[in-house]
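The report below takes the pockets and then the helix pairs in turn.

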Amino acid sequence: MILNPAIIALLTVSLLISTFAIYAAVIGFDIVRFWDIRDGGTRQLMLERKTYLVSTIFSYLLIFELLSLFLFVYTADDMHGIFVGAMCAAGSLNVNAFGYPTLVIKIFNFLLCGIWLIVNHTDNQGFDYPMIRPKYKFLMGIAVMLLLEAWLQLNYFKHLQANVITSCCGTLFSENAVGVAGVIAGLPSYPAKILFYLSVVLMLRTGIHYLVTGRSARIFAAMSVWLLLFSIVALISFIGVYFYELPTHHCPFCLLQGEYHFVGYPLYLSLLTAGITGGATGVIDGFKNLESLKTVIPGLQKKLCIVSMVGFVIFTLISTYPMIFSDFRLEGY
């Protein structure tokens, strides 16, 4: 099973990224210890050359890391026919103990890598690279998470067995299921809807306030992170149900299938993009008083804020469409 082309691609990319992450972490350790832009010595010159190399290569590798999340989910969904009881990626990921931890870490790394790319871009706008130490400390942490992801993913694919009977999404994401998924699926729909749409309004309100006044960027970032997390809850609780038109079907993975026009991909892409850009707005806010970035960061933050708002609006519009234009009514059940 590990000879599946998609699995080979995922493992190859993971190995490539992990190997370079170790190298980047070693370079990052030297940069954190010895970087001094005022020093014209040989060591400083070598560090400057290495940081150009690391930033350039790592930026491209992290883009592959971002794409690998969607390839991983697609592969898990495509394999569901192999396992008895599986109807989508939910069952495939439940075949062994490494499936869901791999997915969670990949999503977390997706967000971290996206924010690091924005931080790196911001730092490169300053003539003295004022964010270089925090940037490489951040990269060292990401390197550890990438190694953990590679280990989990390898073990997930390594321990796949076709003769294992797994659970279908109807069992895993039902109101009677034990665990977090069952609690989320069992949330009352009216309060969940009110909280979701209220969160969207508050996100837009704080975003517009920041664009107009230039203040409260971190509040907008906090609202973006909250809305990202609660949107995932809303997808399981009530949004997916409207696409399925089944009051008991809460699976967040079936939305990725052709039967539902692959609507899950634009939903998740818009949501994750909004979360990354919204969170990055707050991350770089802590560096806005640096002399070489005073004129750079405010403009970049506003662009990130707009992208985040647009991403959340797209997610909300796609989610709301079946609620308005279908005959299905959830509250009738």
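In what follows, Ala, Val, Leu, Ile, Met, Phe, Trp, Tyr, Cys and Pro count as nonpolar, Asp, Glu, Lys and Arg count as charged, and the others, Gly among them, count as polar. By these classes, the lining of the largest pocket divides into 32 nonpolar, four polar and no charged residues. The model is a predicted one, in which local features need pLDDT of at least 70 and side-chain atom pairs count only at pLDDT 80 or more, while totals for chains, interfaces and linings use all residues. Residues are numbered from 1 along each chain as its sequence is written, and side-chain values use heavy atoms, with hydrogens and water left out.

**Pockets**

Rolling a probe the size of a water molecule over the atoms shows where empty space is left. On a 1 Å grid over the protein atoms alone, a pocket is an open set of points where a 1.4 Å probe fits, with protein on both sides within 12 Å along at least five of seven lines, and its lining residues have an atom within 4 Å of a point. Grid points are joined across faces, edges and corners, and a volume is the space filled by probe spheres set on the points.

The largest pocket holds about 990 Å³ of space. Of the 36 residues that line this pocket, L103, V104, I107, I232 and I236 are the closest to its centre. Helices here are DSSP runs (H or I, at least four residues), numbered from the N terminus. The elements giving two or more residues to the lining of the largest pocket are α2, α4 (99–124), α7 (180–185), α9 (217–244) and α10.

The second largest pocket has a volume of about 180 Å³, and its lining includes L66, F70, F110, L269 and L304. Here the elements that give two or more residues are α2, α4 and α10, and the largest share, four residues, comes from α10. By class, this lining has eight nonpolar, three polar and no charged residues.

**Helix pairs**

Axes are lines fitted to C-alpha atoms over the stretch in contact, and angles run from 0 to 180 degrees between N-to-C directions. A crossing is left-handed if the near helix is turned anticlockwise from the far one by less than a right angle, and right-handed if clockwise.

| Helix pair | Angle | Axes apart |
|---|---|---|
| α2 (42–78) and α10 (264–283) | about 150° | 12 Å |
| α8 (189–213) and α11 (297–325) | about 155° | 10 Å |
| α9 and α10 | about 165° | 6 Å |

Angles over 145 degrees count as roughly antiparallel. The angle between α2 and α10 is about 150°, which makes α2 roughly antiparallel to α10. Their crossing is right-handed, and the contact, meaning heavy atoms within 4.5 Å, is made by L69, F70 and Y74 of α2 and Y265, Y268, L269 and L272 of α10. The residues of this contact divide into seven nonpolar, no polar and no charged.

For α8 and α11, the angle is about 155°, which makes α8 roughly antiparallel to α11. Helix α8 passes α11 in a left-handed crossing, and the residues of their contact divide into 16 nonpolar, four polar and one charged.

Helices α9 and α10 are likewise roughly antiparallel to each other, and their crossing is left-handed. Among the residues that meet are A217, R218, F220 and I232 in α9 and L267, Y268, G275 and G278 in α10. This contact has 11 nonpolar, seven polar and one charged residues.

Terms used. Angles under 35 degrees count as roughly parallel, over 145 as roughly antiparallel, 65 to 115 as roughly perpendicular and the rest as oblique.
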